[in-house]
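Please look over the sequence and the structure before reading on.

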Amino acid sequence: MKKQYLFLALISSALFLNSCATILRKDKSQVVNFAPKQDKTLVFVNGEYVGQSPVSMEVDATKDYNVKYVNQSYVTEEFTMKKGILNKWLIADIFSIPATAVIPLIVDWKTGAWNGVKTGNMPSSMKHWSEITNPNDYLNQLFQIENLYFETGSAVIKSEAYSNLDKLATILNNNPDVKIAVHGHTDKTGNYDSNVKLSKDRAASVKKYLSDKGVNMSRIKDEGHGPDIPMIDKDTKEAYDYNRRVEFSYFL
């Protein structure tokens, strides 16, 4: 009788150990690495800022996640990591479980141990705004341009911005069917009403500059949001630096 119990115990242990997917999944958690080619890309997961790339994050393998990459001078990338069966966990079970040991296979199937978020659509690189020759392919995707600075507390564009604004005007003049939105933003320090006005004035200054370069004003929509749409909703110097910005997006 003792031998039978020992045999059953050994069989049970073997069945448990053969269930590789359940053991390896660590209660169905998964580490995802966010590392586009452009380092120091801001990574947002479900709207929450998680850090600058390369950054790793542990996620629940049974859920979907909305991810956004933001990097100045590059078009913002947004994508969804969807849950589903990951072949590596399924294959791990199939090749590790003997033909007679179907219990672990059934258990992993029932518990969803093969599930994970799929990262196959995760972009490995981002598109620089100046490389966009056909804006129709990037409609409603936000981007910033380098060196777009203003005099302190004013809407006067600094001269170092001129060359890049000229490039943007050229792209627009080469694509007369496309319009552009200019979004001005500030951080939340200082007076709210003054910040809103400043953001509107700066967006209007950019609109005028593009118009002076041959872009019809009817193709340019300028908006000032003040501090109401922060990029990073935190009270830190890093957040304030990123929140003070002018963003662009193409539309029809």
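Which strands each supply at least two residues of the lining of the second largest pocket? They are strand 5 (65-70), strand 6 (77-81) and strand 11.

## Basis of the report

This is a predicted model, in which local features need pLDDT of at least 70 and side-chain atom pairs count only at pLDDT 80 or more, while totals for chains, interfaces and linings use all residues. Residues are numbered from 1 along each chain as its sequence is written, and side-chain values use heavy atoms, with hydrogens and water left out.

## The chain overall

The chain has seven helices and 11 strands. Helices (H or I, at least four residues) and strands (E, at least two) are DSSP runs, numbered from the N terminus. Of its 252 residues, 42% count as buried, a term that means under 20% relative accessible area with a 1.4 Å probe and protein chains only. Contact means heavy atoms within 4.5 Å. Among contacts between residues at least 6 apart in sequence, 71% join residues at least 24 apart.

## Pockets

A pocket is found on a 1 Å grid over the protein atoms alone, as an open set of points with protein on both sides within 12 Å along at least five of seven lines; a cavity is a set of points where a 1.4 Å probe fits but cannot get out, and lining residues have an atom within 4 Å of a point. A volume is the space filled by probe spheres set on the points, which are joined across faces, edges and corners. In the classes used below, Ala, Val, Leu, Ile, Met, Phe, Trp, Tyr, Cys and Pro count as nonpolar, Asp, Glu, Lys and Arg as charged, and the others, Gly among them, as polar.

The largest pocket has a volume of about 500 Å³. Its lining has 20 residues, and L148, Y149, D241, R244 and R245 lie nearest its centre. Helix 7 (237-243) and strand 11 (245-251) each supply at least two residues of this lining, which has nine nonpolar, six polar and five charged residues.

The second largest pocket holds about 270 Å³ of space. Of the 16 residues that line the second largest pocket, K68, T76, E78, L142 and E247 are the closest to its centre. By class, six are nonpolar, five polar and five charged.

## The cavity and Q144

A search of the whole structure finds one cavity of 30 Å³ or more. The largest cavity has a volume of about 40 Å³, and its lining includes Q72, S73, Y74, Q144 and E247.

Q144 is in the loop between strand 8 (115-117) and helix 5 (162-174). Is Q144 buried or exposed? Q144 counts as buried because its relative accessibility is 11%. Beyond its neighbours within four places in sequence, Q144 is in contact with residues including W129, M231, R245 and V246. Q144 and V246 are 102 residues apart along the chain, yet their C-alpha atoms are separated by 6.5 Å.

## Helix 5

The buried residues of helix 5 are N164, L165, L168, A169, I171 and L172. They cover an arc of only 160° around the axis (taken from the directions from the helix axis to the C-beta atoms), so they are on the same side of helix 5. These residues pack against strand 9 (179-185), helix 6 (192-212) and strand 11.

## T186

T186 lies in the loop between strand 9 and helix 6. At 6% relative accessibility, T186 counts as buried. Not counting residues up to four places away in sequence, T186 touches N195, S199, G226, P227, N243 and R244.

Note on methods: Buried < 20%, exposed > 50% of the residue type's maximum accessible area, 1.4 Å probe, protein only.
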